[in-house]
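This report covers selected local features of one model, grouped by topic.

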Amino acid sequence: MAEENQIQPLAPATIYGKSDEEFANLKPINNRVQRPSSKWPVYVLAGIVFQGMVILVFCTAVLRVETPKVRLHAVAVKSLEYTASPSALLNATVVAEMSVNNNNFGRFRFEDSTVAVLYGNVTVGGGRISGGRARAREDERWNVTVEVRESGGLLRESGNFSGDLSEGLVELRSYAMLVGRVRVMKVVNRKKSAFMNCTMSLHLTTKQIKHLRCR
C-alpha cells in the first residue's frame, strides 16, 4: 500500500530539433516599426513650389492686363473742296479705317468716343466712334467718317494755312481716345484708356492721304 502511494517521477520531456524550414517560418517576436521615408517632406515641398510656379505663370500670362492699342490704318478722301485766296477754305470728307488691338486674355469693351483732326494745335474736324468691344487676343476694325471744315479761322492761329493750301499740301494730325474696361475670366475687371496719335499729309491735287504714321 505504501508502495502504491509513492510518487512516480515524471519522465523528461522529449525535445525535438526543428528543421531549417520551420526556423525560416518563425517570425521575430519584437518586430521593428517601419518608419516612413525621410524623403516625403522633400516631395511635399517640391509640390508646393511647382504649384506656386504654375499660379505665378498663370497670373503673369493670363491675368495681366495690358492697355489696348488704337491704330489708324488707312484714310480715303471722299470729297474735297479748297481755295487759298481770297480767303482760305478747306472742306473735306474722309473715311478712316481704325482698329483696336487687344492682346489681353479677356475682352475690351469701350464706350462711344470721337476722333479729332487737327491742323497744328487747332481742331478742324472730327468724327464719331461708336462703342463696341474687341474680343480676347483679337483686332476689331471699323470705319469712321470724318468731316474737315475750315474757312478762315486758322488764319488767326497760323499764317501757314493759306500757304499750305497754295502749295497743295496740308499736314494734319488725328487724335482719339477709347475708354473702356478689360474683363478677364470674371476675375479681373480693370479700366483702361487706349490712345491714338497719328500724322498724315493731305495732297490736295491728287486727293490722297500719304505719309500716315501712328505712335
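## Salt bridges

R64 and E66 form a salt bridge with their closest N and O atoms 3.4 Å apart; the term means a side-chain nitrogen of Lys or Arg within 4 Å of a carboxyl oxygen of Asp or Glu. The model is predicted, so local features need pLDDT of at least 70 and side-chain atom pairs count only at pLDDT 80 or more, while totals for chains, interfaces and linings use all residues. Residues are numbered from 1 along each chain as its sequence is written, and side-chain values use heavy atoms, with hydrogens and water left out. E66 is partly exposed at a relative accessible area of 30%; buried means under 20% relative accessible area, exposed means over 50%, and partly exposed lies in between (1.4 Å probe, protein chains only).

By the salt-bridge rule the count comes to four. One of them joins the side chains of E97 and R141, at 3.2 Å from N to O. E97 belongs to strand 2 and R141 to strand 7, so this pair ties together parts that are 44 residues apart in sequence. Helices (H or I, at least four residues) and strands (E, at least two) are DSSP runs numbered from the N terminus. Both partners are partly exposed: E97 has 25% relative accessibility, and R141 has a relative accessible area of 45%.

E147 and R149 make another salt bridge, with the closest N and O atoms 2.8 Å apart. E147 is partly exposed with a relative accessible area of 31%, and R149 is partly exposed at 43% relative accessibility. Side chains of opposite charge can pair when their charged atoms come close.

## Strand pairing

Two strands count as paired if DSSP finds at least two bridges between them. Strand 1 (residues 69–83) pairs with strand 2 in the antiparallel sense over 13 bridges. Within this pairing, V77 has V94 of strand 2 as its bridge partner. The two strands, 1 and 2, form a hairpin with five residues between them.

Strand 2 (residues 89–102) also pairs with strand 7 (residues 138–150), again antiparallel and over 13 bridges. Here the bridge partner of S99 is R141 in strand 7, and R141 is the residue whose side chain forms the salt bridge with E97. Strand 5 (residues 122–129) runs antiparallel to strand 7 and is joined to it by two bridges. G126 has E147 of strand 7 as its bridge partner; E147 also takes part in the salt bridge with R149. In a regular strand the side chains alternate between the two faces of the sheet.

## Buried residues

Is K192 buried or exposed? K192 is buried yet has no salt bridge, and the nearest side chain of opposite charge, E66, is 9.2 Å away. K192 is located in strand 9 (residues 188–203).

F161 is part of helix 3 (residues 160–167). F161 counts as buried because its relative accessibility is 1%. The C-alpha atoms of F161 and E171, ten residues apart along the chain, are separated by 9.5 Å.

## Nonpolar surface patch

W40, V42, Y43, V44 and I48 make a nonpolar surface patch of about 570 Å². Patches are made of residues with over 30% relative accessible area and no salt bridge; like charges are joined within 9 Å and nonpolar side chains (Val, Leu, Ile, Met, Phe, Trp, Tyr) within 5 Å. Accessible areas come from the Shrake-Rupley method with a 1.4 Å probe, and for residues only the protein chains shown count as cover. W40 is in helix 2 (residues 40–61).

## Backbone exceptions

Most residues other than glycine have a negative phi, and most peptide bonds are trans. A cis peptide bond joins S85 and P86, with omega about 5 degrees. P86 lies in the loop between strand 1 and strand 2.

M185, which is not a glycine, has a positive phi of about 55 degrees. M185 sits in the loop between strand 8 (169–184) and strand 9. K207 also has a positive phi, near 55 degrees, and is a residue other than glycine. The loop between strand 9 and strand 10 (208–214) contains K207, which is partly exposed with a relative accessible area of 47%.

Definitions and conventions
Lys, Arg positive; Asp, Glu negative; His and termini not counted.
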